[in-house]
Amino acid sequence: MRMYDIIKRKRDGGELSDEEISFFIDGYVSGEIPDYQASALCMAVFYRGMSLRETTALTMAMVRSGDVVDLSRIPGIKVDKHSTGGVGDKTSLVVVPLVASLGVRVAKMSGRGLGHTGGTLDKLESIPGLSVSMDRTRFERIVSEVGCAIIGQTGDLVPADKRLYALRDVTATVDSIPLIASSIMSKKIAAGTDRILLDVTCGSGALMKTLDDALDLAQEMVSIGECVGRTSVALVTNMDRPLGYCIGNALEVAEAVSTLRGEGPKDLTDVCVELAATMVFLAGLGEMDVCRSLVRDQVAGGLGLAKLKEMVAAQGGEASLLDDACDSLVAPRPSREVTADRDGYLFAMDTERCGLASVALGAGRAKKDDAIDHSAGIVLVAKPGAAVRAGDVVATLHAASDSLLDEGERLFRSALDIRHERPKDTPLIYARVSGSGVERRAARRSPKGREADPSPDGPVPRP
Ligand code: URA
């Protein structure tokens with residue numbers, strides 16, 4: 001077999017055999033196939049696409065390139081959750097303990113912030129003492145005894161993806177549906193859980209900017225899951241605005257805790273209930289309506305919060321800091337209010353720029369090894385759909401210095417679009433994609449002059 005022939009076949013729109021795909025992945029990981037041939041194949045896939053059979057073969061060849069986690073010693077159905085990334089997306093901190101509080105085991109390997117998007121590990125590390133790196137034995141013990149754990153990747157999972165993703169990043173071949181789907185699903189399959197919930201975000205703060213692309217990616221990943229016996233469901237969720245009101249690590253932990261107390265913003269609460277209910281459904285606890293009410297009851301009874309504290313304590317963190325309003329979790333920082341410069345409606349908020357603003361404030365990394373300021377970030381006051389007057393505060397920024405606040409303010413202001421017209425309502429959840437097809441959801445009307453998903457009267461966490 002020759003790599004030249006494989007590239008040529010894909011370039012000309014042909015279909016690759018499973019053997020050819022394995023030959024490529026094995027050779028690329030061993031170093032026999034050079035970067036220039038791998039990048040030529042990625043570009044051919046970018047233009048020609050892949051059939052579901054090819055994408056599944058690519059996924060499984062990547063799974064075989066490294067370690068595979070065996071969770072069979074942990075009793076029961078294990079369910080995992082993956083988000084394609086967003087801004088203010090702290091859903092894992094809410095959903096994982098909620099699902100575990102219903103007796104469904106969640107063994108979750110998460111990532112760090114990347115570009116403008118935040119990462120669950122960085123958020124968790126704002127809790128003093130908490131460790132996200134541990135060996136498999138301790139990880140399995142916590143999942144068995146507590147019901148959930150969230151850690152960084154252990155072992156050498158999917159080395160093929162590490163190499164290929166770095167190559168795609170510099171050869172303009174990241175945004176190809178078969179390459180993204182195989183990259184994500186290979187990591188989820190290697191992580192060893194039985195069922196997978198995929199949160200495919202869509203909009204200005206997401207990898208998928210359009211609904212068509214998000215639906216394509218969701219369908220492709222769910223189909224791969226079906227083909228390899230890992231039942232998967234995807235929710236396509238709205239990332240045209242940050243989720244909740246807080247962006248930044250400790251701020252987001254505080255907002256997640258208030259959501260687990262039943263006092264969180266409505267958009268975050270509604271998405272978390274749907275994600276958690278879908279995981280519980282995947283674990284076989286009942287139909288979706290039953291699962292939604294099971295999840296809501298856990299919130300009302302404070303059982304999700306109790307489970308989060310148990311998990312934090314088991315991972316070495318100071319769980320008592322999650323009491324009350326998490327006051328001592330967010331250290332005081334110099335702050336600056338950003339106000340509206342005219343009357344009108346907050347028509348849109350470029351969510352990628354909001355994420356970049358929070359990175360500039362210190363909440364994320366510009367370079368891989370940069371330190372994070374866990375208390376930096378943005379607390380929104382208004383979200384798209386809100387009526388504002390010139391001088392109204394739209395958000396408060398928090399950072400360690402005035403120069404960081406200057407840069408954060410410049411970026412945050414560039415994200416705001418205030419107009420006379422009110423934006424159209426868009427759904428919080430666009431669609432649910434499962435093995436039985438795509439179920440589209442409609443937008444709920446919101447009262448005129450109010451935000452599409454207004455916060456309840458409860459307080460938004462502030463440092
Ligand atoms: N996230 C991944 O893990 N892989 C991709 O290819 C894109 C986003």
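Which order do the four strands of the open sheet have? The order is 6-9-11-7, and the pairing is antiparallel. Two strands are said to pair if DSSP finds at least two bridges between them, and the strands (E, at least two residues) and helices (H or I, at least four residues) are DSSP runs numbered from the N terminus. Strand 6 (246–247) and strand 7 (335–339) are the edge strands, each pairing on one side only. Strand 7 meets strand 11 (residues 393–398) in the antiparallel sense over five bridges, and valine 338 has alanine 395 of strand 11 as its bridge partner.

Before we go further, a word on what you are looking at. This is a predicted model, in which local features need pLDDT of at least 70 and side-chain atom pairs count only at pLDDT 80 or more, while totals for chains, interfaces and linings use all residues. Residues are numbered from 1 along each chain as its sequence is written, and side-chain values use heavy atoms, with hydrogens and water left out.

Now let us turn to strand 5 (residues 232–238), where seven of seven residues are buried. Buried here means under 20% relative accessible area, exposed means over 50%, and partly exposed lies in between (1.4 Å probe, protein chains only). Ser232, Ala234, Val236 and Asn238 point one way from the strand, whereas Val233, Leu235 and Thr237 point the other way.

Strands of a sheet pair through backbone hydrogen bonds, either parallel or antiparallel. Strand 5 has a partner of each kind. Strand 13 (residues 429–434) pairs with strand 5 in the antiparallel sense over four bridges, and here valine 236 has alanine 431 as its bridge partner. Follow the chain from strand 4 through helix 10 (residues 211–227) to strand 5 and you trace a right-handed β-α-β unit. Right-handed means that, with the strands pointing away from the viewer, the path from the first strand over the helix to the second runs clockwise.

Next, the domains. The assignment gives domain 1 (3–49), domain 2 (79–326) and domain 3 (332–419), with bounds that come from an automatic or database domain assignment. The centres of domain 2 and domain 3, taken over C-alpha atoms, are separated by 24 Å. Contact (heavy atoms within 4.5 Å) links 25 residues of domain 2 with 23 residues of domain 3. Together these two domains bury about 1800 Å², 57% of it on carbon and sulfur atoms; buried area is the accessible area (1.4 Å probe) that two parts lose on being put together, summed over both. In domain 2, His116, Tyr245 and Ile247 lose the most area to domain 3, together 33% of what that side buries. Three salt bridges are counted between domain 2 and domain 3, each a side-chain nitrogen of Lys or Arg within 4 Å of a carboxyl oxygen of Asp or Glu. Lysine 209 forms a salt bridge with glutamate 352, their closest N and O atoms being 3.0 Å apart.

Finally, two backbone angles deserve a look. Valine 158 has a phi near 45°, a positive value in a residue other than glycine. Valine 158 sits in the loop between strand 3 (148–151) and helix 8 (159–169), and is buried, with a relative accessible area of 1%. Alanine 172, also not a glycine, has a positive phi of about 55°. Alanine 172 lies in the loop between helix 8 and helix 9 (177–190) and counts as exposed at 56% relative accessibility.
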